[in-house]
Amino acid sequence: MTNLSHPSEFVLLGFSSFGELQVLLCGPFLMLYLLAFMGNTVIIVTVTANTNVHTPMYFFPGNFSLLETLVTITTVPRMLSDLLVPCKVISFNGCMAQFYFYFSLGSTSFLILSDMALDHFVAICHPLRCGTLMSWDVYIQLAGASWAAPFLAMVPTVFFQAYVSYCHDNIINHFFCDNAPLLQLSCSDTSLQEFWDFVMALAFVLSSFLVTLISYGYIVTTVLRIPSASGHQKAFSTCGSHLTLVFIGYRSGTVFLHVRSGKEHSMEVNKTIALVTSVLTPFLNIFILTLCNETVKAVLQGQMQRLKGLYKAL
């Protein structure tokens, strides 16, 4: 299939290497997806509707849960449907839209994690000035910038991706329209696009990691100066859920995928990491955001008790 300058559609290989066994993957993946979707929805509704958590402290976790929900919606439903059909076709415009939203939302999640680190830094290192330094206006500005910057920065990338020539085939060795397999199909010079991808990796992924690392460096130094053991415990319990989210987020290998040149990726490694970040990580984050946060846990338990009371009354 040569001279496919702008194909009208792409074929997603997905997990075709499993043959007929790929149907068996649909059940476990669907269960994880539904649990992650419902869990994050419960967290969003709890943060939005309950006055006990109408504080800036829970603003960023609510944003993070929304991001997790949107990221899974971008890729997982399509992947699940493709596991059940032999022909896995996606239109060119649909592919570009999926590519745009997946990487925009993914980059936003890294920036939100760094916002949470800054929030904890101010709360622990400058508690007396916390209300002034981290007002609602500052929270909204940080969150707005974290959402807007990746969505704007991804526009040139999608423009490059949409107008390169695809003459090596229209078959994508992935379960969604990822950057690396699309670059491998191109026969145009993609050096400018790969340079822009590298710049975005520095701007969003590595910079957010450095902000988080520096913030926690100051936090640890401040906590060690606290004389009481209860003070240590309170400080680290405040940061526990966020540290776990950071560990899972950066441990997943997304930094490697963003920084390395797109055409050098191993497709199987790429596919495995994308599967973990799309299905397993959002499921684990539900427990991190609830079980590691006593206030959210207490609110959810109160809601469960209220629902039980209403059920018994009926």
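Modeller: S109 is found in helix α3, where helices (H or I, at least four residues) and strands (E, at least two) are DSSP runs numbered from the N terminus. The model is a predicted one, in which local features need pLDDT of at least 70 and side-chain atom pairs count only at pLDDT 80 or more, whereas totals for chains, interfaces and linings use all residues. Residues are numbered from 1 along each chain as its sequence is written, and side-chain values use heavy atoms, with hydrogens and water left out.

S109 counts as buried because its relative accessibility is 12%; buried means under 20% relative accessible area, exposed over 50% and partly exposed in between, with a 1.4 Å probe and protein chains only. Neighbours within four places in sequence aside, S109 is in contact with F64 and L67, contact being heavy atoms within 4.5 Å.

L111 lies in helix α3 as well, the helix running over residues 92–125. L111 has a relative accessible area of 11% and is therefore buried. Residues up to four places away not counted, L111 touches S146, P150, F204 and S208. S146 belongs to helix α5, residues 136–163, and is buried because its relative accessibility is 4%. The contacts of S146 beyond four places in sequence are T108, L111, I112 and D115.

As a whole, α3 has 34 residues and reaches 50 Å from its first C-alpha to its last, close to the 50 Å expected at 1.5 Å a residue; the expected span is 1.5 Å times one less than the number of residues. Of the 34 residues of α3, 27 are buried, so the helix is largely enclosed by the rest of the structure.

The UniProt annotation "transmembrane region", from an unreviewed entry, covers several spans, including residues 57–79 and 99–118; its positions are given in the numbering used here, feature names are shortened, and annotations may be inferred rather than shown by experiment. Over residues 99–118 the chain is 100% helix and 0% strand, with end C-alpha atoms 29 Å apart. Residues 57–79 are 91% helix and 0% strand, and the end C-alpha atoms of that span lie 35 Å apart.

In the largest nonpolar core, of 72 residues, F10, M79 and L182 touch the most other members. To this core α3 gives the most, with 18 residues. A nonpolar core is a set of buried Ala, Val, Leu, Ile, Met, Phe, Trp, Tyr and Cys residues joined through side-chain atoms within 4.5 Å. Apart from neighbours within four places in sequence, the contacts of F10 include F92, C95, Y166 and L182. β1 pairs with strand β2, residues 89–91, in the antiparallel sense over 3 bridges, pairing requiring at least two bridges found by DSSP. E9 stands opposite S91 in β2. With strand β3, residues 171–172, β1 pairs in the parallel sense over 2 bridges, and there L12 stands opposite I172.
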